[in-house]
Amino acid sequence: MDTSIKSYFSSMLSAIELAEVIDNNQVVHSVDYFLNLFWAKAKDTHSKGNKLMFVGNGGSSTIASHMAEDYSK
């Protein structure tokens, strides 16, 4: 694989690992923590027969539509 491609993906991974999310109580968490929390809540919602909705406006609506399609598989 080209060195520049490896460098690009390495940089993207580092950015994701360094990203932080602050909750409503101003507690800092990793992105990984919130992704795992999202999946747990999404699975719980689905198992209870409830609806999970993805919402977006403009270009984000395409992403939301794609996420809904992938989630339904």
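Visitor: Is Trp39 buried, exposed or partly exposed?
Guide: Trp39 counts as partly exposed, at 42% relative accessibility. Buried means under 20% relative accessible area, exposed over 50%, and partly exposed in between, using a 1.4 Å probe and protein chains only. This is a predicted model, in which local features need pLDDT of at least 70 and side-chain atom pairs count only at pLDDT 80 or more, while totals for chains, interfaces and linings use all residues. Residues are numbered from 1 along each chain as its sequence is written, and side-chain values use heavy atoms, with hydrogens and water left out.

Visitor: Which residue forms a stacked aromatic pair with Trp39, and how many aromatic pairs are found in the whole structure?
Guide: The search of the whole structure finds six aromatic pairs. One of them joins Trp39 to Tyr71, stacked at 6.0 Å centre to centre with 15 degrees between the planes. Rings of Phe, Tyr and Trp (its six-membered ring) pair if their centres lie within 6.5 Å; planes under 30 degrees apart count as stacked, over 60 as edge-to-face and the rest as tilted.

Visitor: Where do Trp39 and Tyr71 lie?
Guide: Trp39 lies in helix H2 and Tyr71 in helix H3 (residues 59-72), so the pair ties together parts that are 32 residues apart in sequence. Helices (H or I, at least four residues) and strands (E, at least two) are DSSP runs, numbered from the N terminus. Tyr71 is partly exposed, with a relative accessible area of 23%. Ring pairs also link Trp39 and Tyr71 with Phe38 and Phe54 into a cluster.

Visitor: What span should H2 have, and how far apart are its end C-alpha atoms?
Guide: H2 covers residues 31-47, and its 17 residues should span 24 Å at 1.5 Å a residue; the end C-alpha atoms are 24 Å apart, which agrees. The expected span is 1.5 Å times one less than the number of residues. After H2 comes Gly49, with a positive phi near 80 degrees.

Visitor: Which other residue has a positive phi although it is not a glycine?
Guide: Gln26 has a positive phi of about 65 degrees without being a glycine. Most residues other than glycine have a negative phi. Gln26 sits in the loop between strand E1 (20-22) and strand E2 (28-30), and is exposed at 61% relative accessible area.

Visitor: Which side chain makes a polar contact with Asp23, then?
Guide: The side chain of His29 does, at 3.1 Å. A polar contact is a pair of N or O atoms within 3.5 Å; within protein, one must be able to donate a hydrogen and the other to accept it, and residues adjacent in sequence count only if both atoms are side-chain atoms. Asp23 lies in the loop between E1 and E2, whereas His29 is in strand E2 and is buried at 18% relative accessibility.

Visitor: Which residues does His29 touch?
Guide: Not counting residues up to four places away in sequence, His29 touches Glu20, Val21, Asp23 and Phe34, where contact means heavy atoms within 4.5 Å.
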